[in-house]
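I opened my notebook to look through this structure piece by piece. Here is the model I was working from.

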Amino acid sequence: MAKEVKRVNKLTLLSKGWNAVFVIILFFMALLVVIPMLLILIVSLSSEISIADYGYTFFPSEWTLDGYRYLFKTGDQLADSYLVTIFYSITGTLMSLTVMTMFAYVIAQKKFKHSRLFTWLLFFTMLFSGGLVPIYILNVRYLHINNSIWIFLLPSLVNAYYTVILRTFIRTTIPDTLFEAARIDGAGHFRIFVSIVLPLFKTGIATVGLFNMVSRWNDWFTGMLYIQNPKLVPLQTLLTKLQNTIDFLKQNAAIAGTPDGIALLRTLPDENMRMACTIIVILPILFAYPFFQRYFVQGLTMGSIKG
Amino acid sequence: MKKLWITRTFAYLIVMVMIFSLTACSGSTKPSASQGDNSGGNEPTMKELNFVTLDWYLGLDPMPDNQMVNDAVNKYLKEKINANVNMYYWSAKDWETKMTTMISAGQDVGIIGFGSQSKLDYVVHSNRGSFRPLDDLLNNYGTETKALFPNEIWECMKINKQIYGIPSLKDNCYIMSFIYNADMADALGLDMGSVKFTNWRQIEPFLTEVLKKRSEKFPEYDQYPLCGGAGREIPYNFALETFLNDSYLAVCNIAPFFDVKGYDDDTVFNLYATNEYREFVKSRQRMVEKNIFAYDYTGKSEWNYKGGMFAWPGWGYTYMQKNLYGDAFTTKMIVSDHIWTETNNYFSAGTAISFNCAEPERAMMILNLVNTDPEFATMMRFGVQGKHYITNNEGKMQFEGSERNGGARADYGYYYWYAAPVGNLTIVKAPESLVGPNGIMLTEIKRYNKEAVMPNHMGFVFDIKPVANEIAACTNVVMEYRDILRNGQLESEKEVDKAVDEFVAKLEANGVKKVLAETQKQINDWKASK
Amino acid sequence: MLQTRANVRLKKRKKIFQKEDAALYLMALPTLIYLLIFCYVPMGGLVMAFQDLNITKGIFRSPYVGLKNFEFLFRTTDAWVITRNTVCYNLIFIVVNLIISISLALMLSSLRSGGYAKTMQTIYMMPYFLSYAVVAIVANAFLDRDNGLVNSILRLMGEPGKTNWYHQLRIWPPLSVFVNAWKNVGYQTVLYLAVISGISVDYYEAAVLDGATKFQQACYITLPHLRYIVGISLILSMSSIFRGDFGLFYNVPMNSGKIYPVTDVIDTYIYRSLTYLNNVGMSTAAGLYQSVVGFVLVLVVNKIVNRIDPDSAMF
């Protein structure tokens with residue numbers, strides 16, 4: 001059996017010529033990405049003087065670790081932020097996935113009389129929102145979840161976009177016949193969900209899980225708006241705060257002539273620090289990524305589920 | 001039918017919930033912060049005061065020792081008025097989103113700083129009811145603070161006949177100065193004593209001359225511009241009375257300066273449509289071409305410290321430290337001969353109390369203290385004695401030798417100089433390196449405040465509501481053109497002419513005439529009612 | 001559907017499904033509660049779009065001003081420009097990103113070396129994690145007049161190399177498309193790869209036995225399988241057709257006014273107008289306006305997609 005599969009796979013392989021062409025194209029596209037990233041890395045290691053004199057360049061006049069040093073001065077704070085962010089990214093994603101996959105299953109049922117209504121209820125919220133102020137009032141005044149870990153977990157529990165994607169995955173990867181066969185056998189929806197649907201659309205779950213986790217990891221806004229407790233400050237919020245002070249001064253260069261401005265200018269973190277921030281935010285994702293990748297790696301090697 | 005009733009129920013539920021949320025969210029009621037009860041009608045005597053905690057939001061960047069100083073402040077306040085404060089230091093970007101959301105959501109924000117640095121517009125927020133009226137509180141608990149300003153200034157602070165904020169006593173006028181590199185001036189043989197400085201337009205010929213000399217004597221400095229940026233129209237280049245924030249669509253001449261010919265000091269006009277503005281922008285383009293000003297000065301602050309530049313704009317300096325930009329050279333300054341003030345200046349920094357503050361009396365007491373007690377004011381700027389600064393053998397303050405602020409400024413634990421949002425600057429005790437021998441800077445501030453020229457419409461506040469749309473549209477146009485024009489980034493004077501024509505035409509198309517007419521009308525009404 | 005015995009039996013068993021619907025309601029319950037609390041209740045705040053909000057009076061005692069808060073969106077000579085920019089850019093972004101990410105997904109999934117494909121795919125993901133502020137800085141490293149790489153290279157080649165690229169109107173449309181694609185394509189590829197990986201190998205085996213070339217396999221098997229996800233993505237993107245990519249257009253052009261005609265979108269206009277005015281009513285009105293347009297468009301596009309292929313539609 002394995003031999004046959006191997007033979008068939010060989011037949012489905014790309015010709016060497018085309019493969020080479022693709023390899024080259026993909027390589028150039030990778031260069032397009034790698035070169036700017038390399039620049040970021042180099043700037044994070046350039047000195048402030050070099051940046052002022054020569055701008056951002058691949059060959060700075062002076063190298064330094066100051067950017068990182070300033071960043072790590074926040075020491076404990078940085079470690080706390082990492083921990084908090086990792087915790088709520090993982091927990092939040094798990095919670096979200098649980099709730100969203102169940103709902104996606106429900107609205108994927110074509111025979112369910114309310115599936116259209118539910119889809120509408122979900123989708124409507126994607127379009128219309130009361131805006132920041134009502135949500136703020138809800139979270140702070142009525143639910144009191146600001147300044148606690150729940151602010152990261154609850155308001156972002158369900159994302160309409162991802163739920164619809166999940167529904168699409170369910171509908172396309174799980175054929176109707178499977179559903180009906182199971183139901184004829186008398187299985188309840190929940191059993192079907194757990195034992196048949198979930199294992200089959202692992203790819204979909206992994207994809208949405210990845211997207212979900214990344215958006216939580218990247219979120220600096222929630223932390224900025226709601227968190228006072230330094231132990232709960234997420235990573236991106238911490239770094240964005242550091243970066244924003246620089247922005248403010250840049251935009252107000254004219255006011256830099258005032259005593260306040262000058263004092264600030266000299267005591268402030270610099271360009272290289274801003275780039276260092278970016279680097280330390282990306283690194284953990286790059287480490288975690290292969291974990292997700294193996295779920296859709298089948299898409300990368302053309303061996304896949306047998307129907 | 002089963003189908004129908006389930007759908008109907010859902011619909012009803014949703015409608016019910018929305019109605020319920022409407023009534024439940026009865027807007028701005030209970031404040032969230034402080035404990036302790038409100039003392040009701042009677043003014044409590046010092047003995048009766050119960051312990052309360054308030055929030056104080058400062059538009060200052062956070063520094064490492066914020067908590068330490070907060071504790072010290074709390075100790076001080078507990079002794080004096082049995083209260084504590086939670087001080088929140090937020091940087092400008094955070095402030096913009098967070099503070100406006102919190103205020104719009106009706107949160108109790110305790111004591112807040114307002115103004116340009118704090119990014120809370122005094123007029124907009126007073127009109128919107130974000131602040132509490134302070135008239136009674138000032139009379140009962142803030143008499144010393146009230147005495148800091150003459151009555152006419154308090155009249156200026158009135159919006160809809162009530163005072164909503166306490167301006168910070170600092171340089172409450174536009175003290176513009178020409179800061180220069182004294183070492184280079186000597187090396188180039190310049191007689192700085194004979195140089196007159198009015199504004200950055202007037203000094204162009206002098207700068208051109210200096211540039212030539214610098215090029216001859218120090219060609220290695222050619223890569224550096226001659227001066228740091230001074231692009232803002234007002235107050236660096238024009239002395240005019242403004243009625244809007246951040247754009248000069250409606251301005252008025254100030255007697256005796258009359259920076260713009262053809263208008264008296266009672267007529268409102270659009271600065272961008274004047275000939276003087278056109279000439280100003282052309283001169284910027286010329287100067288940038290010659291490298292008197294840098295084409296793009298942002299992010300190049302390191303150049304200031306190298307010693308290759310000659311001059312910088314100063315705003316608010318009444319005393320020039322010997323080494324403003326590090327040890328490479330000495331700095332001196334020439335103060336402009338045009339010193340003026342206006343209503344907007346008093347709105348540019350101050351403190352207010354949240355409209356639903358749980359402890360307004362205590363808040364006013366705290367504000368009174370920070371504006372009148374030198375110990376408190378100094379603590380807010382410089383932190384704790386011993387840790388952040390020491391008193392040397394001559395009895396003067398200094399940073400060197402202190403535990404937290406001894407090294408390079410970049411490593412300071414707590415340092416807010418000026419800290420305009422905090423309050424009265426003139427009572428702060430500061431080292432001589434900042435305020436000069438015998439605190440001359442602070443006494444000079446008071447003198448300038450007294451002598452500053454007052455415009456004709458001191459106390460008039462423009463209500464933007466009737467023309468809010470036109471202002472929004474015109475502000476957008478201003479943002480489109482002003483940076484490139486005032487930073488001199490166009491290729492030639494012909495381009496400048498073209499751009500200015502476009503700019504003015506677009507403003508007209510977006511209703512700037514309506515804005516001017518409305519401003520003029522309101523001014524005339526205001527004058528008539530005086 | 002084939003008229004098998006199973007199907008016939010199914011029709012008779014409709015009644016059983018109704019009992020089992022209880023499990024479905026239970027499964028949907030957490031989401032429904034969430035939607036109620038976190039989405040529908042705050043939606044009441046939309047009334048602010050019609051109010052002149054006074055903080056002391058609160059949301060429900062402030063005076064109503066009808067549609068006045070919406071006026072600023074239309075009373076500007078730029079109203080057409082910003083709308084055109086927003087919609088055109090969004091449409092182009094959708095199409096370009098779609099084409100590129102599907103092509104990438106196809107190429108990656110057909111490579112002989114899985115390791116190479118995996119590495120490449122990880123690399124393409126990286127720009128997604130950069131904030132637009134950082135992207136703006138990187139772009140500046142290339143476009144800066146004095147120090148940027150483009151001008152430096154031009155100078156090496158003998159050109160004067162003094163153009164300020166932030167003033168050149170013509171390069172910004174393609175540049176914006178490029179930056180948006182650069183940032184988002186790698187991420188979107190993941191979605192399509194996930195779908196491709198779910199396609200049963202049987203289809204390909206059968207195709208190979210029939211003598212189909214790789215290209216034909218892609219056209220007749222892979223692409224059709226992608227149509228569901230593409231259809232949904234298109235409809236979902238329609239809902240935000242009036243929302244410009246604020247991060248991109250606010251940060252990357254470095255606030256250069258000269259290129260506003262090609263980089264100003266509805267969101268940046270709103271942001272700039274309201275920075276000083278600080279009017280929550282006006283910003284809510286703006287958001288409502290964008291939502292309503294998106295809503296109408298979704299309905300229209302959904303209807304169209306329904307006609308073409310009902311399975312790909314939302315509703």
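My entries below go from a sheet to the cores, then to an interface and a pair of domains.

**Ground rules.** I worked on a predicted model, where local features need pLDDT of at least 70, side-chain atom pairs count only at pLDDT 80 or more, and totals for chains, interfaces and linings use all residues. Residues are numbered from 1 along each chain as its sequence is written, chains are lettered from A and ligands numbered from 1 in the order in which they are written, and side-chain values use heavy atoms, with hydrogens and water left out.

**Sheet in chain B.** I looked up an open sheet of 3 strands, ordered β11-β7-β12 and paired antiparallel. Strands here are DSSP runs (E, at least two residues; helices are H or I, at least four), numbered from the N terminus, and two strands pair if DSSP finds at least two bridges between them. β11 (311-315) and β12 (331-335) of chain B each have a single partner strand, so they stand at the edges with one side lacking a neighbour in the sheet. I noted an average twist of 30 degrees from one strand to the next, with axes fitted as lines to C-alpha atoms and angles running from 0 to 180 degrees between N-to-C directions. Between β7 (residues 176-181) and β11 of chain B I found 5 bridges; B:S177 has B:G314 as its bridge partner in β11(B).

**Cores.** A nonpolar core is a set of buried Ala, Val, Leu, Ile, Met, Phe, Trp, Tyr and Cys residues joined through side-chain atoms within 4.5 Å, buried meaning under 20% relative accessible area (1.4 Å probe, protein chains only). Which members of the largest core touch the most others? They are B:F178, B:W200, B:F310, B:W417 and B:L485, out of 348 residues. Helix α8 (residues 172-197) of chain C gives the largest share, 14 residues. I also noted a second, separate core of 14 residues, with B:Y224 and B:L324 among them.

**Chain C against chain A.** I found 97 residues of chain C in contact with 107 of chain A, contact meaning heavy atoms within 4.5 Å. The two chains bury about 9900 Å², 75% of it on carbon and sulfur atoms; buried area is the accessible area (1.4 Å probe) that two parts lose on being put together, summed over both. On the chain C side, C:M27, C:R112 and C:F129 lose the most area to chain A, together 8% of what that side buries.

**Domains of chain C.** An automatic or database domain assignment sets the bounds, giving domain 1 (17-66) and domain 2 (76-312). Their C-alpha centres lie 31 Å apart, and the area buried between them is about 470 Å². In domain 1, C:L46, C:M48 and C:A49 lose the most area to domain 2, together 70% of what that side buries.

Definitions and conventions. Buried means under 20% relative accessible area, exposed over 50%, partly exposed in between (1.4 Å probe, protein chains only).
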